[in-house]
Amino acid sequence: MSKIQTKSTRVAFAEALSEVGRSNSKVVTIAADSQSRHGEFVREFPERSFNVGIAEQTMIGVASGFALSGYIPVVTSYANFLAFRAIEQIRVDVATESLNVKMVGTDTGFSSQWLGFTHLALEDMAAISALPNIVIIDPADAVEAFEATKAIFDYDGPVYMRIRGRKEEPILPIKSRKFEIGKAQVLKPGKDILIIACGSSVYDSLQAAEILKDKNIDAMVVNMATIRPIDEKALSDLIPSFTKVITVECHNIRGGLGSTIAEFISERGINTQLLRMGVKERFGMAGSDEMLKQAFSLDGPGIARSAEKFLNEKCGR
Amino acid sequence: MNIDSVKLKSLEKLAEQIRKDSIWMSTRAGTGHLGPALSISDIIAVLYGEIMKYNPKNPSWPDRDRFILSKGHGCLALYSALAQCGYFDRALLKEFCNRLDTMLPGHPERKLPGVEANTGSLGHGIAIGMGMAMAGKLANKDYRVFVITGDGELQEGSNWEAAMAAAHHKLDNLVVIVDRNKLQLGDFTENISQLEPLAKKWDSFGWAVKVIDGHNIKEITDVLSSIPLTRGKPSAIIASTIKSKGLKFAENKVEWHYKVLTEQQYKEIKDELSLEELAYE
Ligand SMILES: Cc1ncc(C[n+]2csc(CCOP(=O)(O)OP(=O)(O)O)c2C)c(N)n1
Ligand SMILES: [Mg+2]
């Protein structure tokens, strides 16, 4: 790979938000203290920017009130304080009525790093996916975060998008950057094994594919930025050609991408074996992004190692 | 109570060391909530140096007073106090945000001796403390429970649910100390969601209230020595503080919520504040 560009998903989200705010006067932002997540929007549209204080449940309630009054509210918070602290407000106020509320959880996966398990968001998709009606998006990089932010405002209904921190992350070296909710994208063709990833794991999966190439393993890599609704068409086109499929996510293997793919494969009766990579039966812990990815075997080399081992395992059919 | 000047000196020293350690740990780690730790250093020093009964060799001693740092992001100060009081070796302070799965992460966890509750998600501490206070009464124990909350933190509704119920249950063994530094993450509290009149709020919830200078060791000691302020009522102490207290250029500045010194800045103030060598290994 040539020189890689980098950018933070949080910055990209804020930039897109300002753009959306300029073309749609119904968009309002509601913060629970940390308004900086809304970037320039707050300075450009102070009259449409609100802060309820450190009160995430109230933030969701207020957003619901705005939505019921014809506005399109955007709320942000550290993902755990949104997806867990305010889950009942999300369930009763937002999800039941499919209100047009855009919920953006920040600092997800390992990106809150040293802040420890209270902040590491590794079960947020599980909480949200237990509730009907909410679209779930985990963008791969800053460009996708930007495009996805614009796309969710063209969609009428509740969305949960998980982004990461201020840290600059690699931008994927791919050309076509059109984002459509519910559309998977094949980033690298391959025939030996299928790797389906979301969020920052997409980049690491591409790295893994490079490593595997040197071992004569030809891995296909798919970016599944939308976890719900899952791209059933892509899955039924792709999965049957593989005997081994891997999902990779910076999230618990329950309730996120891995679970969704497991359900799809078993319900369709597709004859393939699945390995779900992610965090298993434990909470997060303090560490740098790199340390944590390595510890959970979710960095490029870790994914490649697991893929190779998985390929060599006999399938228990 | 009148504390003698020797005791006063030793508490001031304890507080000063908490500040030095907080600055040292966070600079070494390159991360941490420094301002929030510096604003509670004096209160923590008085609690651990004078007020609370505990046994560092037996952190789960049933009769110990309990301390909960509900504003868990202020943990630098707690870590230093626990080390100074003998809960663990000072060498462990090097681990602050410096090792995978460290005992000293960016928010306190119970795996570290002396930490009573996992905090970091704001608005949990008062209710947990209330449960401990109720358990104490149930078991006929006379321990007290001290909870430090942020002032911005009080915007979380859960605090007020617990406040109402704790007064109802007449928990005069429960003490909440509000770190009233007037700043939260993004701005001054009164610019985001007004807290004042804060003392009146606690009073109207049925608590005995006292407003003090949270950097005056003698005043803190005096008020914490007269708990419960009123029999049959939980006590709320609103401590006026300055965020980043002791770091002149950072005092009362919002950006020092989650910010640490550069090595260069550390070197510049090292002699003035008689700080330790950073000593990376
Ligand atoms: C439930 C929850 N929401 C948001 C945060 C993020 N957060 C961490 S500290 C902070 C500000 C706290 O302000 P205050 O209570 O005044 O404490 P201070 O920073 O002054 O010590 C916020 C919003 C959090 N940790 N928990
Ligand atoms: Mg404060």
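**View 1. Salt bridge between A:Glu15 and A:Lys7 in the predicted model**. The closest N and O atoms of A:Glu15 and A:Lys7 are 2.7 Å apart, a salt bridge being a side-chain nitrogen of Lys or Arg within 4 Å of a carboxyl oxygen of Asp or Glu. A:Glu15 is partly exposed at 37% relative accessible area, and A:Lys7 is likewise partly exposed at 26% (buried means under 20%, exposed over 50%, partly exposed in between, with a 1.4 Å probe and protein chains only).

**View 2. Salt bridge between A:Asp107 and A:Arg37**. The N to O distance is 3.4 Å, and the pair links A:Asp107, in the loop between strand E5 (102-106) and helix H6 (124-129) of chain A, with A:Arg37, in the loop between strand E2 (27-31) and helix H2 (40-44), 70 residues apart. Helices (H or I, at least four residues) and strands (E, at least two) are DSSP runs numbered from the N terminus. Both A:Asp107 and A:Arg37 are buried.

**View 3. Magnesium ion (ligand 2) in contact with chain B**. The ion is coordinated at 2.1 Å by B:Asp151 (OD), B:Asn181 (OD1) and B:Leu183 (O), where donors are N, O and S atoms within 2.8 Å of the metal (3.2 Å for Na, K and Ca) and sites may look incomplete because water is not among the atoms. B:Asp151 and B:Asn181 are buried.

**Notes.** Residues are numbered from 1 along each chain as its sequence is written, while chains are lettered from A and ligands numbered from 1 in the order in which they are written. In this predicted model local features need pLDDT of at least 70, side-chain atom pairs count only at pLDDT 80 or more, and totals for chains, interfaces and linings use all residues, whereas side-chain values use heavy atoms, with hydrogens and water left out.
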